[in-house]
Amino acid sequence: MCGGVIVQFCVVTYPGSNCDRDCYYVIGEVLAEPVRYLRHWAEHVPRGTSCVVLPGGFSYGDYLRPGAIAARMPVTGAIEDFAAGGGLVLGICNGFQILCEAGLLPGSLIVNDHLAFSCLPVHVRVEGDPSPFTHSLKQGEVLRMPIAHRDGNYRPPSDGAQPQVALRYCSPAGELGEDYNPNGSQYSTAAITNERGNVMGMMPHPERCAESILGGEDGMRVLQSAVDWWKEVGSYGI
Amino acid sequence: MGSEPRMASWEEAGLTAKEYDEICEQLRRPPNALELGMYGLMWSEHCSYKSSLLHLEQLPTEGERVLQGPGENAGIIDLGDGLAAAFRIESHNHPSAVEPVQGAATGVGGILRDILAVGARPIALLDSLRFGNLHDSRVEHLFSGVVSGISQYGNSVGVPTVGGEVYFDDAYADNPLVNVMCVGIMSTEQLTRGTAVGPGNPVYIVGAPTGRDGIHGASLLASRQLGDGDGDMRPAVQVGDPFREKLLIEGCLEMLQSDAVIGLNDLGAAGLTSAASETAARGGTGMDIDIRAVPRRESDMTPYEIMLSESQERMLVIGRRGCEEEIEETFRRWELDAACIGKVTNDEVLSIRDGERILAHIPVQSLTSGAPRYDRPTRPPSDCAAREAGAEEIPIPHDAGDALLQMLSHPNLCSRRSIYRQYDHMVGIDTVLTPGADAAVLRIKGTERGLALVTDGNGMLCRLDPERGAAQTVAESYRNICAVGGEPLAVTNCLNFADPEHPEVMHAFQQVVQGMARACRELNTPVTGGNVSFYNQTLDRGIAPTPVIGMVGSVDDVSRCPGRGFQRPGDAVLMAGQINTAKLAASQYLNIMHGLQEGPVPEVDYDAERRAGELCRRAIMEDAVHSATDISDGGLMIAVSECGAASDEGLGCRLDLTDSRRPDELLFGEGGPRYLLTVPEDQIDTLVCLARETQCPVERIGTVGGSEVQVHVNGELILRASVPSLCRARGEGLT
C-alpha cells in the first residue's frame with residue numbers, strides 16, 4: 001500500500017557540522033532512502049523533501065552558545081517554513097540545540113550538570129503519544145543509543161509550558177532515575193517534539209547505532225519510524 | 001636590505017656561534033635580523049633534527065606497502081583496492097607543560113593538518129600521554145588541562161579520538177609528554193605532496209589570519225630545556241580554533257577534488273618560514289613572498305613576526321596558474337580567506353619582500369638542509385650495574401586477591417574510561433573497537449576491511465635498557481594489533497628524550513634507535529615518519545627515554561574483531577605464545593607493589609613474536625575465538641580482570657594452573673608474547689591445528705563462567721575476586 005512513495009531526506013551542513021556525513025551515509029546506505037545535502041545559505045528546502053535532518057557537531061564552533069549562530073542562518077528560516085507546511089524535521093544533538101535556539105522547539109539545552117563532555121551509550125524510553133519519529137515504536141520501549149555532548153541538559157521554557165517528551169533517559173530495564181540521567185536534564189528528557197509532532201530534537205545519535213557492526217541498530221528504528229510514518233500517513237497531508 | 005633591530009644576536013635566535021659562522025659562510029655574508037630569525041627556526045633542533053638525523057638513518061623505512069616514507073608531512077601506506085592510509089605522530093610536550101589546555105589542543109590541530117596536507121581525510125586521533133604523580137596538584141592541573149584540551153579540539157573538529165595511553169611516573173613531573181597521532185584515509189590517486197613546482201604558480205595562505213602567537217615556538221620553546229621563567233614563554237604557545245580547522249579540512253578536501261591545487265603544506269612549527277622553504281626544497285624550486293599580502297590580525301606586525309608566527313589553522317596552498325578564481329571561490333564557500341602571497345620561482349631562493357623592498361634572500365636548501373649534523377658524544381649511564389638486581393628478595397603477598405585489587409586501582413593499570421568518555425570516539429561512524437580495547441579498530445566504509453591502530457610507550461623499560469626497552473615497545477604495539485586480528489603494517493614514532501647535549505641521554509637515544517630499528521626490521525613494520533622531541537628536561541631533571549610507537553595494522557574482516565570481554569560461560573580460556581617465561585623483573589608488579597623499577601629487560605624473541613601474532617590473528621579471522629587480548633603490563637591477572645570487566649554479562653572465569661613458580665610471578669609476571677583467548681568447545685580443535693601450523697604453543701588454562709575470577713594453582717585456590725569488585729577497583733584509579 002506504500003509502494004511508490006518516495007521519502008526524500010535532506011541533511012543540513014552548517015559550517016562546523018560534523019555528523020552531516022554520518023547522517024548522509026546512514027540515510028543513503030543503511031536506510032536506503034534518497035538523500036541530499038542542504039547548505040546553510042539555502043533559502044528554500046527543495047521541493048519534494050519529506051524530512052530535513054539537522055546533524056550533530058559544533059556549528060560555528062559552538063561559539064556564543066551552541067546552535068545560536070546557526071539558528072540565524074538562511075536555511076533555518078527555510079526549515080521553519082518547511083515545518084509549518086507539515087514536513088518532518090529531526091535535530092540531532094547540535095541540531096536539537098539549533099532547533100531550540102531557532103524557536104522551533106521549546107526550551108533550551110544548557111551545559112551538562114557535571115560540566116564535562118560525555119561520549120557513552122545510554123538507554124532511553126519511548127514516551128508520550130506517538131509522533132512520526134516514534135510511530136513504529138511502542139510506548140515504554142527501551143532503546144540503547146550513544147550520546148556525545150557537553151550541552152545536553154534540557155530545561156523547559158520558563159513560562160511553565162510542558163514540552164512533549166518523546167524519549168527519556170532510563171535504566172536498561174526502563175526505570176527513570178538520577179543514576180541514569182547523563183546530563184541533569186529535567187525529567188530525564190532526551191528528546192522532545194513540537195506540539196504537532198513533526199519536529200523532533202534528540203540528544204542521542206541514532207546514526208551512530210544504525211548498524212550491528214557499530215554495536216547496535218536501535219537508531220535505525222527511529223529513522224525507520226519517520227520513513228514508515230511518511231509512507232503511511234505523512235504523504236497524504238498532515 | 002631591510003633589517004629589523006628586534007633580534008640581533010645568534011644567541012637570541014637559539015643558535016650557537018659556530019652555527020652563526022656556518023650561516024655566514026653559506027650566505028657568503030652575514031644574515032640580517034629577519035634572516036637570522038628564520039635560520040634560528042629552521043636550524044633549531046625541533047625543525048632540523050641536527051642531533052638525531054645521523055642515528056635515524058638506521059631505521060628501516062621501506063617496504064612493499066610503503067607509498068611515502070619520512071620527509072613528507074605524513075607517511076602513507078598502501079591498503080590495496082586503491083586505498084591508502086596516511087599517519088604520523090607528533091609531540092607537543094613543551095607547549096603543554098607551559099599551557100596544558102591550549103598546548104594539547106594545538107597539538108591535535110597540528111597533526112590533523114599534517115594528514116590533511118597529504119590529501120587524506122583525518123579519521124582518527126590517538127594520544128600518548130605521560131605525567132608525574134597525580135598526588136601533586138600541579139601534575140593534576142597539567143593532566144586535567146591536557147585531557148580537556150584534547151577533548152575540546154578533537155570533539156569540535158569532528159575527528160574521533162579512538163585510542164592512546166597514559167602513564168604516570170615521577171620522571172615526568174616537570175616535563176609531561178603529549179604525543180598525538182593522526183590517521184587519515186585517501187584514495188591513492190588523491191595523494192598530494194607538500195611540493196611547490198611550476199615557476200609562476202601562485203602561492204596561497206589559507207585559513208586564519210597571522211597573529212603574534214607562537215613566535216619562537218620551535219626555536220626557543222621546543223628546542224631548549226624548561227626553566228623557572230617559563231610562565232614568560234606562554235605567548236610562545238598558540239591558541240587553537242577547532243572551528244576554523246574544521247572549515248580548513250573541508251575546504252582543502254573539496255579543493256583537492258579538482259586539479260587546481262598542486263601542493264599543500266601545514267603552517268606548523270616555524271610557520272610560514274618552514275612551509276615556504278620546505279615546499280620549495282621538495283620541488284627543487286624557489287619562492288617569492290610578499291609579506292604585505294599576508295592577512296594578519298594586527299596591522300602593525302613586523303615582517304619578522306609574520307615570518308616567525310606559529311598562528312594555528314593555516315595552510316600553504318600551491319595553486320595552478322589560471323585556477324586562481326576557482327581556488328578563491330572554493331575556500332570562500334567554506335568561509336576561509338585565501339590570500340595569494342607570492343609565487344613559485346625557479347631560482348631555488350626563498351625571497352621575502354615587503355612590496356618592492358627585499359627583506360630576506362636565502363637559498364632554500366641552506367634553510368632546509370644546511371644545518372649542521374651533530375654526532376653528539378655518548379656515554380653509558382654510570383648506574384647501569386645497579387639495575388641488574390633481581391627480584392628474589394621480595395616477599396610473597398599474603399593475599400593475592402588484595403594485591404590484584406591494589407594493582408587494578410593504580411593509575412597506571414586502572415580503567416581509562418573517565419578520560420575517554422570526554423573524547424568523542426564515535427564521530428565518523430567507523431569505530432568498531434572503541435577505546436579500552438587492545439587496539440582501536442575502524443572499518444573502511446564500503447568494504448569488509450578496517451584499520452587497527454595503537455600507540456605504545458614504555459619509559460620504565462627504556463630507562464632500564466634503552467635498546468631492549470625500545471624493541472619491547474615495538475613488540476607491544478605488534479601484539480596489540482594482532483590481539484584485535486590485525487596484520488601489523490607500519491609504524492610512526494615519537495622519540496621523547498632529555499637534553500641531547502648530555503652524553504648519557506644521547507647514549508640512550510642511540511640505543512633506542514638501534515633497538516627500534518632491529519624490531520621494526522624483524523617484525524616487518526617499516527618506519528614511515530615521526531618526530532623527535534629533545535630537551536624534555538627541567539634543570540638537571542630529565543625524563544626517562546620514552547620512544548612512543550604508533551602502529552597501523554590492516555584488518556581483513558572487521559565483523560570478526562572480538563574485543564576482550566568474556567562472552568559465553570563454558571568457553572575455554574587459552575594462553576598462546578611464550579607461556580612460561582614471564583618474570584617479575586622490570587614488571588609493573590615490582591613498580592607498583594614494591595616501588596622498584598629494576599631488573600633486566602627481556603630480549604624480544606622475534607620468532608616467538610611472529611608465530612604468536614600469526615596464531616592470534618588467524619584464530620580471530622577464522623572466527624574461532626569469542627575474545628582475545630594481549631597479556632602485558634601487570635601480567636596475567638590484569639589481563640584476566642580486564643576481560644571480566646569488559647564482559648557485558650559480568651562473566652568471570654576459573655583458571656587452573658600447574659606451575660611451581662612463585663605465585664606472584666605466575667599471576668603478575670611480564671614478558672614475551674602472550675595472548676589470552678577464549679574459545680568455544682567446538683573450536684578448540686581449530687586452535688590445536690593453528691598451533692601446529694604456526695608452531696606456537698597454546699595451552700588451556702581455564703574456563704569462562706560465574707561472576708568471579710578464581711585461580712587454582714596445583715589444585716589449591718589462591719585467588720578469588722568478584723567481577724564487580726574488579727570493576728570497582730579499576731574505576732578508582734583516576735578519580
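**Entry 1: a proline in chain B**

I began with B:Pro209, which counts as partly exposed because 17 C-beta neighbours lie inside 10 Å. The scale I used calls a residue buried if 20 or more other C-beta atoms lie within 10 Å of its own, exposed if 12 or fewer, and partly exposed in between, with C-beta atoms placed from the backbone. The model is predicted, so local features need pLDDT of at least 70 and side-chain atom pairs count only at pLDDT 80 or more, while totals for chains, interfaces and linings use all residues. Residues are numbered from 1 along each chain as its sequence is written, and chains are lettered from A and ligands numbered from 1 in the order in which they are written.

I looked up where B:Pro209 sits: in the loop between strand S7 (202-207) and helix H8 (217-221) of chain B. Helices (H or I, at least four residues) and strands (E, at least two) are DSSP runs, numbered from the N terminus. Leaving out residues up to four places away in sequence, B:Pro209 touches B:Pro295, B:Arg296 and B:Arg297.

**Entry 2: chain B overall**

I found 24 helices and 28 strands in chain B. Its C-alpha atoms fill a box of roughly 90 × 55 × 40 Å along the principal axes. Of the 735 residues in chain B, 63% are buried. Among contacts in chain B between residues at least 6 apart in sequence, 85% join residues at least 24 apart.

I noted two domains in chain B: domain 1 (192-370) and domain 2 (382-409 + 562-735). The bounds come from an automatic or database domain assignment. Over C-alpha atoms, the centres of domain 1 and domain 2 of chain B are 51 Å apart.

**Entry 3: strand S4 of chain B**

Next I followed strand S4 (residues 121-131) of chain B, where 10 of 11 residues are buried. S4(B) pairs with strand S6 (residues 177-187) of chain B in the antiparallel sense, over 9 bridges. Two strands pair if DSSP finds at least two bridges between them. Opposite B:Arg130 I found B:Leu177 in S6(B). S4(B) runs parallel to strand S5 (residues 161-168) of chain B, joined by 7 bridges. There B:Leu126 has B:Gly163 of S5(B) as its bridge partner. S4(B), H7(B) and S5(B) form a right-handed β-α-β unit. Right-handed means that, with the strands pointing away from the viewer, the path from the first strand over the helix to the second runs clockwise.

**Entry 4: where the chains meet**

How many residues of chain B are in contact with chain A? I got 23 of chain B, against 23 residues of chain A. Helix H7 (137-157) and helix H9 (242-255) of chain B are the elements that give two or more residues to this side of chain B. H9(B) gives the most, with 4 residues. By class, this side of chain B has 9 nonpolar, 8 polar and 6 charged residues. Ala, Val, Leu, Ile, Met, Phe, Trp, Tyr, Cys and Pro count as nonpolar, Asp, Glu, Lys and Arg as charged, and the others, Gly among them, as polar.

**Entry 5: chain A**

I turned to chain A and found 4 helices and 11 strands. Its radius of gyration is 16 Å, close to the 18 Å that the globule rule gives for 238 residues, so chain A is as compact as a globular protein of that length. Buried residues make up 57% of chain A.

In strand S3 (residues 49-54) of chain A, 5 of 6 residues are buried. S3(A) runs parallel to strand S1 (residues 8-13) of chain A, with 4 bridges. S3(A) also pairs with strand S4 (residues 88-92) of chain A in the parallel sense, over 4 bridges. From S3(A) the chain crosses through helix H2 (residues 74-84) of chain A to S4(A), in a right-handed β-α-β crossover. A:Cys51 has A:Phe9 as a bridge partner, and A:Leu88 in S4(A) as another.

Is helix H3 (residues 94-101) of chain A enclosed or open? I found 8 of its 8 residues buried, so H3(A) is largely enclosed by the rest of the structure. Its cover includes S3, H2, S4, strand S5 (108-110) and strand S11 (199-202) of chain A. After H3(A) comes A:Gly103, with a positive phi near 80 degrees.

Note on methods: The radius of gyration is taken over C-alpha atoms; the globule rule is 2.2 Å times the number of residues to the power 0.38. Two residues are in contact if their C-beta atoms, placed from the backbone, lie within 7 Å.
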